[in-house]
Amino acid sequence: MKNSKAFTLIELIFVIIVLGILSAIALPKFTSTGTQARIASGKADVMAIRSAIISERQERLIRGEKNYITASNLDNGGLFGGVLTYPKQNSNTSGNWYAATTGSGTYQYNIDGTNVQFDYNSSTGTFTCTSGSSTQAQKYCRQMIY
């Protein structure tokens with residue numbers, strides 16, 4: 001019997017099968033990572049928007065104004081440009097905010113093709129999630145506000 005320094009065909013097939021099983025287990029975990037990142041980004045945006053609305057309210061109170069910022073002023077200079085230092089891109093693509101009608105007080109955050117709707121109420125200064133009837137949108141809404 002010769003002393004060979006090569007792998008046999010059976011050893012190579014076994015390695016390929018093991019790699020295939022590992023990739024079948026790992027790939028689904030990585031595909032959901034992008035969705036979770038978009039949810040986390042949206043959640044951070046919601047917190048920043050709410051904080052900026054409160055900060056704007058405090059500045060108005062110091063000036064003697066008792067009203068909250070209006071929806072049209074909230075969008076002044078772009079999407080949320082009335083309160084945010086860096087306005088958001090108005091785009092209905094995944095991971096972005098979208099306002100079909102600027103100044104309407106109704107906004108959508110797109111997560112992988114699912115639009116999660118948020119409404120701004122200028123009489124109370126609240127920025128709340130009103131996800132609608134889609135089960136997936138309701139799930140994303142809960143994840144973004146809690």
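**Close-up views of a predicted model**

View 1. T35 is buried, at a relative accessible area of 14%. Buried means under 20% relative accessible area, exposed over 50%, and partly exposed in between (1.4 Å probe, protein chains only). This is a predicted model, where local features need pLDDT of at least 70, side-chain atom pairs count only at pLDDT 80 or more, and totals for chains, interfaces and linings use all residues. Residues are numbered from 1 along each chain as its sequence is written, and side-chain values use heavy atoms, leaving out hydrogens and water. T35 sits in helix α1, residues 9-62. Helices (H or I, at least four residues) and strands (E, at least two) are DSSP runs, numbered from the N terminus. Beyond its neighbours within four places in sequence, T35 contacts I111, D112 and Y140. Contact means heavy atoms within 4.5 Å.

**View 2. The buried residues of helix α3.** Helix α3 spans residues 135-145. Its buried residues are A137, Y140, C141 and M144. Down the axis of α3, they fall within an arc of 105 degrees, so they line one face of the helix. The arc is taken from the directions from the helix axis to the C-beta atoms. Their cover includes α1, β2 (106-111), β3 and β4.

**View 3. Strands β3 and β4.** Strand β3 (residues 114-121) runs antiparallel to β4, with four bridges joining them. Two strands pair if DSSP finds at least two bridges between them. D119 has T128 of β4 as its bridge partner. Four residues lie between the strands of this hairpin, where G125 takes a positive phi near 75 degrees.

**View 4. Two faces of strand β4.** Strand β4 covers residues 126-129. F127 and C129 form its covered face, T126 and T128 its uncovered one. In a regular strand, side chains alternate between the two faces of the sheet.
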